[in-house]
Amino acid sequence: MIKIKSHDGPARLGKIDEEITPMLIDYKKIEKVKNIATPFKIQKEIAQENTEKTIELAKIEENKEKIAVIQGSQYTDIRINCARQLEEEGYTKLMFANTDELLRNPKDLLDIIIQTRENIKPTTALYFPFAPTPIIPILTYLGIDIFDNSRAIYEAKNNNLMTTDNIYPYELYQITDNLEEENMTQLKFAIKEVQENIKNKTLRNLTEQKATTSPMAMTLHRLLDKNHYEYLLKYTQLY
């Protein structure tokens, strides 16, 4: 459960087990509830069936401190129902499945995250694994509370340098001698930068800055402002 200290737009600065949110976790140490992995692009009937099986597995899990997985493929209504039922079972940390596919489908990403956030308790934390650093600010702005180090490690293994603004092929930009260490440093900085901007009520400024250097962030920003204005207005202080 997240204890919310303050908002900056939909973004939440708070604490989970004494860790400041948005927070960074080690994906290798995650305790995750058993679930039925389901492809992103699949028939709705199969997505519904697998999601129901995921919920049944969550019901018989005794440790409600584990992270439960929001399945439902590309279907926002199934995702919302899954998140609600997991919450009813006592889970307070929920993880989105298929985030690699969501990153390639920005409209679906926005619809699923925002509708899920709107339909669950404010104290339930949302976890988005495998996020690249340039879009961590806008994901936080949408209401994501937890990130992990899986993308930093993945990019290092693929010989890529991940900075807070971009991802560079190492053969063209030999800036460091230790890719994984540098990627982790950049990731930790990105999280701290977001935390400080929430404190100063300047996270929106940060998301706009990232949009100028990251095509993915730019696409998310434009679709967010175009399709989800009321969501932003609901949480934005008017002066």
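**Figure 1. Leu102, a buried residue of helix α3.** At 0% relative accessibility, Leu102 counts as buried in this model, which is a predicted one. You will find Leu102 in helix α3, which spans residues 99–104. Setting aside residues up to four places away in sequence, Leu102 touches Phe40, Arg79, Ala97, Asp108, Leu109, Ile112 and Phe128. The view also takes in Ser73: 29 residues separate Ser73 from Leu102 in sequence, and their C-alpha atoms are 9.4 Å apart in space.

Figure 2

**Figure 3. The open sheet of β1, β2 and β3.** This sheet has three strands in the order β1-β2-β3, and their pairing is antiparallel. Which strands stand at the edges? They are β1 (3–8) and β3 (19–21); each has a single partner strand, so one side of each is left without a neighbour in the sheet. Ignoring direction, neighbouring strands of this sheet are turned by 15° against each other on average. Helix α7, residues 179–199, packs on the sheet and touches β1, β2 and β3. The direction of α7 makes about 110° with that of β2. As for β2 itself, five of its six residues are buried, so this strand is mostly covered.

Figure 4. Strand β2 covers residues 11–16 and runs antiparallel to β1, with five bridges joining the two.

Figure 5. How many bridges pair β2 with β3? There are three, in the antiparallel sense. Gly14 stands opposite Thr21, a residue of β3. Two residues lie between β2 and β3 in this hairpin, and Asp17 in the turn has a positive phi of about 50°.

**Figure 6. Helix α6 and what covers it.** Is this helix mostly covered or mostly open? Six of the eight residues of α6 are buried, so the helix is mostly covered. The buried residues are Ser150, Arg151, Ala152, Ile153, Glu155 and Ala156. Which elements cover them? Among them are α3, β8 (146–148), β9 (160–162), β10 (167–169) and α7. Just after α6, look for Asn159, which takes a positive phi of about 65°.

Figure 7. The structure holds two aromatic pairs. Phe130 and Tyr154 make an edge-to-face pair, with 5.2 Å from centre to centre and 70° between the planes. This pair links distant parts of the chain: Phe130 sits in the loop between β7 (125–127) and α5 (136–142), while Tyr154 belongs to helix α6 (residues 150–157), 24 residues apart. Tyr154 is partly exposed, with a relative accessible area of 41%. The other pair, Tyr168 and Tyr173, is tilted, at 4.6 Å centre to centre and 50° between the planes. Why does Tyr168 count as partly exposed? Its relative accessible area is 23%, and the partly exposed class lies between under 20% for buried and over 50% for exposed. Tyr173 also counts as partly exposed, at 37% relative accessibility. Back at Phe130, Arg151 lies over the face of this ring, at 4.6 Å from the ring centre.

Notes
Residues numbered from 1 in each chain as written. Predicted model: local features only at pLDDT ≥ 70, side-chain atom pairs only at ≥ 80, totals over all residues. Heavy atoms only, no water. Phe/Tyr/Trp six-rings, centres within 6.5 Å; stacked < 30°, edge-to-face > 60°. Helix = DSSP H or I, 4+ residues; strand = E, 2+ residues; numbered from the N terminus. Buried < 20%, exposed > 50% of the residue type's maximum accessible area, 1.4 Å probe, protein only. Lys NZ or Arg CZ within 6 Å of the ring centre and 35° of its normal. Pairing = 2+ DSSP bridges. Axes fitted to C-alpha atoms, helices over the stretch in contact; angles between N-to-C directions. Contact = heavy atoms within 4.5 Å.
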